[in-house]
Amino acid sequence: MPGIDKLPIEETLEDSPQTRSLLGVFEEDAAAISSYIHQLYQAMRRIYDAQNELSAATHLTSKLLKEYEKQRFPLGGDDEVMSSTLQQFAKVIDELSSCHAVLSTQLADAMMFPITQFKERDLKEILTLKEVFQIASNDHDTAINRYSRLSKRRENEKVKYEVTEDVYTSKKKQHQTMMHYFCALNTLQYKKKIAMLEPLLGYMQAQISFFKMGSENLTEQLEEFLTNIGTSVQNVRREMDSEVETMQQTIEDLEVASDPLYLPDPDTTKFPVHRNLTRKAGYLNARNKTGLVSSSWDRQFYFTQGGNLMSQARGDVAGGLVMDIDNCSVMAVDCEDRRYCFQITSFDGKKSSILQAESKKDYEEWICTINNISKQIYLSENPEEIAARVNQSALEAVTPSPSFQQRHESMRPTIQSRPPTARTNSSGSLGSESAALSALSLDSLVAPDTPIQFDIISPVSEDQPGQAKASGQSGRRTNPFGESGGKKSETEDSILHQLFIVRFLGSMEVKSDESPDVVYETMRQILAARAIHNIFRMTESHLLVSCDCLKLIDPQTQVTRLRFPLPSVVLYATHQENKRLFGFVLRTSGGRVESHTTSVCYIFESNNEGEKICDSVGLAKQIAFHAELDRRASEKQKEIDKVKEKQQKELSKQKQIEKDLEEQSRLIAASSRPSQSSGEGQFVVLSSSQSEDSDLGEDGKKKRESEA
């Protein structure tokens, strides 16, 4: 059996968006399993009902045959031979009916019982745990929000105690429910194999037992196959039991280890503050102004990524840019009735954000981390060692920064000396590789210092120099009214015509076009750049796939925006997880260096048709390849026909020359008959002169006649 995918129970306490996103995948898998098992159950139910009906019908047939002799027919009722024959048939059919009845019982026990138990017990347990987990998660969010709204000025110990207990209880309940829910989803990955294999195994074994009742000529090969399936089911069951025991032990250990962390504000003596961090992630409350005085607080997951502060809502696939925290200022602020608040202000002072941490430990760690990133310690080789030297005490981490004007003047030389590629490599997820590995991957796949084009060049600017060359277009200007000008379209005779709705995400030059990793890396770079620079606009087009080229057509005016010759499309692939994303690499002549081949990767988003588009492009290239082979074969055949025709002409010409020589020889022989005195000598002379005439041609003949 292949490996089993499992949810990480150890990450249930953190409850990060990545864990929730992975949980969503398992929930979709559970829903798909439930739908499929329901259909399989209906099919097996039909088999079971049909077998019961067959058993009852066989028994009724045997009963009617036995009652034949009791019937009183007007004619032939006393036929003893017919009666005895039917009695023998009744006996055989009665035995067959008994076999069918046994088969029905075996199908009920071995086929229907396992799949019914899985459908009614295991799948419903998953749904119940999902509802309980959702309720616990909502209760925890409510308790956290209530705790966050505790007044600092009018503290009430009783209310604070009740709220703290409520947070402790709700978080513990959510953690326990989430761990058991994860355990059930992981167990489902084993049970779904058993739920499909056990009924089939029971069905086949029941059929074998049925046939063995009438015949012992069952092949050993089938028995061996079924034995192997039974052994495999037992192995999966043993592995499931072992895994369930391990997960249960893990849950118990995590419950014991996580008990102090259920409190919203853990004791800093037991959990010390880390002041040398250069990366931090966790939930924060962000203040949003709703009016001149009023404001609201939103709880989101925040994390640092290089020199950026990112936020991510629960359920989102990726995070968005909040602020560039390089050379920013961070300070603790007294924010009305909220505790553990701090303010981050950008370098130029034009953008600021007030955030609230859940505990004093997180509050101090966030301030220390942002201070370390603001000083660009994360760009050094040993950021933790440098941070330890810079942060000599905890007080320095929470000291308010200088004014924006002083900071602007003092940090200006540092900004100018900063490497330009440091910001480019800060994209990616929280658990991505280091900056050095990211830079290495970028240099090996994508050309350095390559700009990203986020929009399609319009046809109005086609006459700009070098533009058609870079975009893969020909030098011909596109008719803005979509007319062909009397010329037949180049794709009109194409075998393949497929149209897709796509949205252009971006393009950039790449260094290699031999591996799909180039497309994946380009997708990652473009999506990260869009998230960092807040670029959400996408140009929608119609992608026409034909045997000659790929065309991007404006859906409103039907004007061709871009044209990609099909032979230049050397690589195409879809995203490994998001099948809506696809891209292709176009190899063009020219680029940065004249007379040099460059490769440009174009990335698009479609309506769940990425794989279909790649399949269409592959089909178009195959059709074009076979058409090229047919064209070459036709040209070769034409050359062979021309050679044969030329040889035939030469042969005809040679035959005509031989015929003329024979005719001239006959005329000379006829003219030499009257003068017998000349003898053979004259014939020889005439023959030689005739041969000379044939060599001299028409002009030589005329000259010889004039001389004579």
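Is Arg631 buried, partly exposed or exposed, and what is its relative accessibility? In this predicted model, Arg631 counts as partly exposed, at 38% relative accessibility. The side chain of Arg631 meets that of Glu635 in a salt bridge, with 2.5 Å from N to O. Glu635 is likewise partly exposed, and its relative accessible area is 39%. Both residues belong to helix α12 (residues 610–671), where they sit four residues apart, or about one turn of the helix.

This pair belongs to a wider picture. Side chains of opposite charge can pair when their charged atoms come close. Across the whole structure, a search finds 29 salt bridges. One of them joins Lys66 to Asp94, whose closest N and O atoms are 3.4 Å apart. Because Lys66 lies in helix α1 (residues 17–66) and Asp94 in helix α2 (residues 80–148), the pair ties together parts that are 28 residues apart in sequence. Lys66 is partly exposed, with a relative accessible area of 36%, and Asp94 is partly exposed too, at 25%.

Another salt bridge brings together the side chains of Glu605 and Arg580, at 3.5 Å from N to O. Here, distant parts of the chain are linked, 25 residues apart: Glu605 is in strand β14 (residues 597–606), while Arg580 is in the loop between β12 (569–574) and β13 (581–589). Glu605 counts as buried, at 12% relative accessibility, whereas Arg580 is partly exposed, with a relative accessible area of 34%.

Key. Residues numbered from 1 in each chain as written. Predicted model: local features only at pLDDT ≥ 70, side-chain atom pairs only at ≥ 80, totals over all residues. Heavy atoms only, no water. Salt bridge = Lys/Arg side-chain N within 4 Å of Asp/Glu carboxyl O. Helix = DSSP H or I, 4+ residues; strand = E, 2+ residues; numbered from the N terminus. Buried < 20%, exposed > 50% of the residue type's maximum accessible area, 1.4 Å probe, protein only.
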